[in-house]
Amino acid sequence: MTRSLNWMTASVLALTAATGMAVAQDVAREDTVIFDLDRTIKDPENFNWFTPGTKRMHGAHQTMWEPLFILNYATGDLDPWLATGFTQNDMSTEFTITLRDGVEWSDGEAFDADDVLFTVNMAMTNEEISSREAATIRAQVASVEQVDDLTVKFTLNDPNPRFIVENFGVRIFGSFLIMPEHIWAAEDPATFTFPNPIGTGPYTFTSATTSRAIWDRNDNWWGAKAGFQDLPAPQRVVFLESGGEESRAQLIATNQMDAAQNVSVGTFEAIAAQNPNVIAWYDDYPYAAADPCARQLEINTTIAPWDNANMRKAVATIIDRNQIVTVAAEGSTVPSRTMFAEYGSMDPFISAIEEAGLTLPATGDAEAGKAMIEAEGWTMGAAGVYEKDGEELSVDIHVNSASTEYTRTIDVIVEQLSRAGIKAKAVPVENGVFWGEVLPFGTFEMSYSWLSCGSVNEPWASMGRYTVKDVVPVGERSPGFNNTARWNSEGAAKYSEIVDAMAGKPLGDPEVPGMVAEAYQYLDAEMPFVPLVQSAKLIPFSNTYWTGWPSADNNYNHPFFWWNHTHQIIHNLEKSGG
């Protein structure tokens, strides 16, 4: 493998092939870091993150928009970024955030409490703004006020000990992003596209097409002037749509990309054999880093026969999680025992469920599952499919086609259910359709997802997503993707009562593990979703041009570079001396 590939002969040719156009030749390849993008940029000139379908993981919230805090998965702490800290009252109903002095927008205007106040009020007073983060702010915040230029006080509708990390801490993927008042104040937030976006980050927007976005370093960045952080080493950051696992593997193996999206174990080993500069989270098998969003099979509880809890329980009994690990994940993860991601801080809650006898087995029991189906009046037909009242027992399982992980997992489940007498079929759909139509509006029988995602240091964030208060009819959008299963039984009501009481408990309250086990009995009995496997991401990074990537041995934070915390990754990069 040679390092003689330059920006013109490698990266630009890759960009040109992918986008049909080249970019300005003013930054050398060795000064450019290229990240993989696993989806098309549908509207490259729209940077209004409040509007449905507008994405920000093509560099907008990794280089340009900075968060107030960043949850550090390595330490469990909230690392201060645009803010320096916060205080809260004993009831967790009032939170006061102190902003960092000296922060500037890239056009030189000061970033201060006016911007925070304006953006929060914009979200609170405009119902047509439908992003999940804006909807959460509307639901939680009663009022926000400016104490002084660098201090903002939030008063909540209800106690919420998790308010800061939920909304401003990059707990999962992103955070509520602050916009510049001096630009947005004259615009309609529901229609403004922010075509010339600015942020406080060390990079400014240069250009974008549907398959790549380019960001160039702002050498007048406030953070360097204020002594917060040095200027990051890369002069240019590119997010390039790779087009899938095979093409991303070739790009990183040939040094035309520095960070690739998730790949299979076999693909990673092939990349590393071709390019010894490519690393992963672990040096050895299974290579992958734990992802906070454990995988599950979502079940629409309003559609027969899956409106019957015993039928849902039968599906859960049939599914063999070990086989999913072995076949779909190539051994790179482990079966889920509960709905939770298995970080160390979640141990007390997982242990409480385990002690109550409510954890899931790693292996399936097809015969037991079939007995449960037969107990509901179904009989096995000549074709090996259960029948009842002249109808075959069938199910369509929607799956996002954006990743081989998703489709391979559902292929395994389809085979398992089919062998047990359920006529199952995978229904792959495009990413935007899956998240924009199928899941939120409940137009599915079953689907592959990770909608229990949220709990990384306490249980309510995940458990609170399945309470009855979020139930809406099929055809209406589920708020924040909460309870898309539309679970609304007597058991769901009892579950919700316990979980709602848990919501106000302070972090670390000794009563919470017992409450988790008490509520979990209803999930176990009625299975509105079926936990499958822990999620792991095998993220290849190349040391050819850049070092300092996150890893188990360099664990300053996790490696998921499509998240808002990627500012930390970019700031840790150093030019390779090899």
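Predicted model: local features only at pLDDT ≥ 70, side-chain atom pairs only at ≥ 80, totals over all residues.
Q: How many disulfides does the structure hold?
A: The count comes to 1 disulfide. Cys293 and Cys453 form it, with their sulfur atoms 1.9 Å apart.

Q: Which parts does the pair tie together?
A: Cys293 lies in the loop between strand 12 (289–290) and strand 13 (296–299). Cys453 lies in the loop between strand 19 (446–449) and helix 16 (460–463). The pair therefore ties together parts that are 160 residues apart in sequence.

Q: Is Cys293 buried or exposed?
A: Buried means under 20% relative accessible area. Cys293 has 6%, so it is buried. Cys453 is buried too, because its value is 8%.

Q: Where do Arg29 and Asp258 lie?
A: Arg29 is in the loop between helix 1 (7–19) and strand 1 (32–37). Asp258 is in the loop between helix 8 (245–253) and helix 9 (265–274). The pair ties together parts that are 229 residues apart in sequence. Arg29 counts as buried at 1% relative accessibility. Asp258 is buried at 0%.

Q: Which residue forms a salt bridge with Glu133?
A: Arg132 does, with the closest N and O atoms 3.4 Å apart. Glu133 counts as buried at 9% relative accessibility, whereas Arg132 is partly exposed at 39%.

Q: Where are Lys537 and Glu405 in the chain?
A: Their side chains meet in a salt bridge of 3.7 Å, N to O. Lys537 sits in strand 21 (residues 536–537) and Glu405 in helix 14 (residues 404–419), 132 residues apart. Lys537 is buried, with a relative accessible area of 8%. Glu405 is buried as well, at 15%.

Q: Which residues do salt bridges that share partners join into one network?
A: Asp291, Arg295, Glu405 and Lys537.

Q: Which residues form the negative surface patch?
A: Asp114, Asp148, Asp149 and Glu181 form it. A patch residue needs over 30% relative accessible area and no salt bridge. Asp114 is at 31%, which counts as partly exposed. Asp114 is placed in helix 3 (residues 113–125).

Technical notes
Residues numbered from 1 in each chain as written. Heavy atoms only, no water. Patch = residues over 30% accessible without salt bridge, like charges linked within 9 Å, V, L, I, M, F, W, Y side chains within 5 Å. Areas by Shrake-Rupley, 256 points an atom, 1.4 Å probe, with all protein chains shown as cover. Salt bridge = Lys/Arg side-chain N within 4 Å of Asp/Glu carboxyl O. Lys, Arg positive; Asp, Glu negative; His and termini not counted. Charge placed at Lys NZ, Arg CZ, Asp CG, Glu CD. Helix = DSSP H or I, 4+ residues; strand = E, 2+ residues; numbered from the N terminus. Buried < 20%, exposed > 50% of the residue type's maximum accessible area, 1.4 Å probe, protein only. Disulfide = S-S within 2.5 Å.
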